[in-house]
Amino acid sequence: MATKKTRFEGTFHGGLAGKCFMARFQMSEMSEQAKYERFMREAILEALKGDVSKTSPNPLVGSVIVESGVVVGRGFFESDGGPHAERKALADLGRTPLPGAALYVTLEPCSTHGRTGACSEAIVKAGILEVVVGALDPTPAHRGAGLHTLREAGVSVVADVLVAECEAINPGFAGRET
Ligand SMILES: [Zn+2]
């Protein structure tokens, strides 16, 4: 954060040219891809709050819910058998999401999950209309199934955002069924 501030101060000393640079910088920051990456980084930070020794054999996963450019809900997968990151972010929000709300998650939402039901279905039920995903589920039987469920329900899905960074959260993770 300190580094960022210093860079901004440097820009302000640039006079008119600096202001033009700032305007361009802000415009590029508002591009869709930059927005996706910005909030996916927030989701990655959530995932990294998890402790592999508690989640194993399941992966670390983080999720945030964004409304009007603000993170309004956060969650991460904390322990094997516990609620998944997406459900924790929805619970953290604690209310019906606004119509423009987007849910970010570092790993594709699950399409099947025991008696509590799949996260992809929970997201649909919650009324989220946009989901931004990092890595796909590496489990061959599940890969892409969560995204399919969401799209079938009319949810706009953006996949492969910071996929390398999201995959790096769980080195060697080859799937939920081993
Ligand atoms: Zn799940």
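In what order do the elements of the chain run from the N terminus on? They run α-α-α-α-β-β-α-β-α-β-α-β-α, with eight helices and five strands in the chain. Helices (H or I, at least four residues) and strands (E, at least two) are DSSP runs, numbered from the N terminus. The model on display is predicted: local features need pLDDT of at least 70, side-chain atom pairs count only at pLDDT 80 or more, and totals for chains, interfaces and linings use all residues. Residue numbers start from 1 along each chain as its sequence is written.

**The whole chain**

Of its 178 residues, 36% are buried; a residue is buried if 20 or more other C-beta atoms lie within 10 Å of its own, exposed if 12 or fewer, and partly exposed in between, with C-beta atoms placed from the backbone. Among contacts with a separation of 6 or more, 65% join residues 24 or more positions apart. Two residues are in contact if their C-beta atoms, placed from the backbone, lie within 7 Å.

Now select strand 1 (residues 62-67), which pairs with strand 2 in the antiparallel sense over six bridges. Five of the six residues of strand 1 are buried.

Move to helix 7 (residues 145-152), whose buried residues are Gly-146, Leu-147, Thr-149 and Leu-150. Seen down the axis of helix 7, these residues fall within an arc of 160°, so they line one face of the helix; the arc is that of the directions from the helix axis to the C-beta atoms. What covers them includes helix 6 (119-126), strand 4 (130-135) and strand 5 (156-158).

Helix 6 and helix 7 pack at an angle of about 25°, with their axes 9 Å apart. Helix 6 is therefore roughly parallel to helix 7: angles under 35 degrees count as roughly parallel, over 145 as roughly antiparallel, 65 to 115 as roughly perpendicular and the rest as oblique. Axes are lines fitted to C-alpha atoms, for helices over the stretch in contact, and angles run from 0 to 180 degrees between N-to-C directions. To see the contact, display Ser-120, Glu-121, Ile-123 and Val-124 of helix 6 with Gly-146, Thr-149 and Leu-150 of helix 7.

Finish at Gly-154, which follows helix 7 and has a positive phi, near 90°.

Methods. Two strands pair if DSSP finds at least two bridges between them.
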